[in-house]
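Please find below a colleague's note on the model, arranged as numbered points. The coordinates should be kept open while reading.

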Amino acid sequence: MPIPDAWHLCVAFGPLGIYFLLLGLLNLSRRPFITTGARDAAALGVAVAGFVVIGPMELFMPLSALDRFGGYVWLLLLTFYALCLSLTVLTMRPRLVIYNTDLDSLRPILSHVAASLDSEVRWAGDSLVMPRMGVRLNIEAHPAARNVQLVSAGMRQDYLGWRQLEFALAESLREAPAGRSYYGATLAMLGVLMLGCIAWWMASSPAEVAQGLDQMLHP
């Protein structure tokens, strides 16, 4: 099995290192951070894009397109990947992800927000129903990663209701304290390590990196 060259290592681990670093900084923040499942999935798709480039894209490179378009074929392939990722994100069911918090801290805040938005709110264990808002969700906690996900339950969902719930939760979470976690420190250190290795590869083998880029753009 051939050893990847410096250019391929930079392409593979560059986006992933940035993703780990940003995720670690979010978990090291003093406040919880809320985002949608669509944005969370899109960020993960960008993070693994480097592995897609040096893996399936190079392996299944269309030779006819390569002969016709040359290095511009990469622009077409990346556009196709972006369209596939966008389609996946747009067809996902509603979901909210709250980083740097736990279930015990989030539940009273969620109860207060839900009651202020819908007077007919109902709880059933870790399930929440807001009939007037058209929101039905299950709470999924991940203690090791210190995040909580609000996952839609069933197909009948009101996306406007989910949007209002997101904004109301974000407003309430601004004043909610959050303790820093070892999980965030680990992710941040891993991201810094990856980016440091990339900087070292580029500094120690600039000719190899330039050659790899040239071969990719002008095969």
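Across which strands does helix α2 lie, and at about what angle does helix α2 run to β1?

1. Helix α2 (residues 37–47) lies across β1 and β2 (95–99) and runs at about 85° to β1. Axes are lines fitted to C-alpha atoms, for helices over the stretch in contact (heavy atoms within 4.5 Å), and angles run from 0 to 180 degrees between N-to-C directions.

2. This is a predicted model, in which local features need pLDDT of at least 70 and side-chain atom pairs count only at pLDDT 80 or more, while totals for chains, interfaces and linings use all residues. Residues are numbered from 1 along each chain as its sequence is written, and side-chain values use heavy atoms, with hydrogens and water left out.

3. The chain has nine helices and six strands; helices (H or I, at least four residues) and strands (E, at least two) are DSSP runs, numbered from the N terminus.

4. Six strands form an open sheet with antiparallel pairing, in the order β1-β2-β6-β5-β4-β3; pairing requires that DSSP finds at least two bridges between two strands. β1 (33–36) and β3 (122–124) stand at the edges with a single partner strand each, so one side of each has no neighbour in the sheet. From one strand to the next, the twist averages 20°.

5. Within this sheet, β4 (residues 127–130) pairs with β5 (residues 135–142) in the antiparallel sense over four bridges. Methionine 130 stands opposite valine 135 in β5.

6. Along its principal axes, the C-alpha trace of the chain spans about 65 × 40 × 30 Å. Buried residues (under 20% relative accessible area, 1.4 Å probe, protein chains only) make up 39% of the 219 residues.

Technical notes
Buried < 20%, exposed > 50% of the residue type's maximum accessible area, 1.4 Å probe, protein only.
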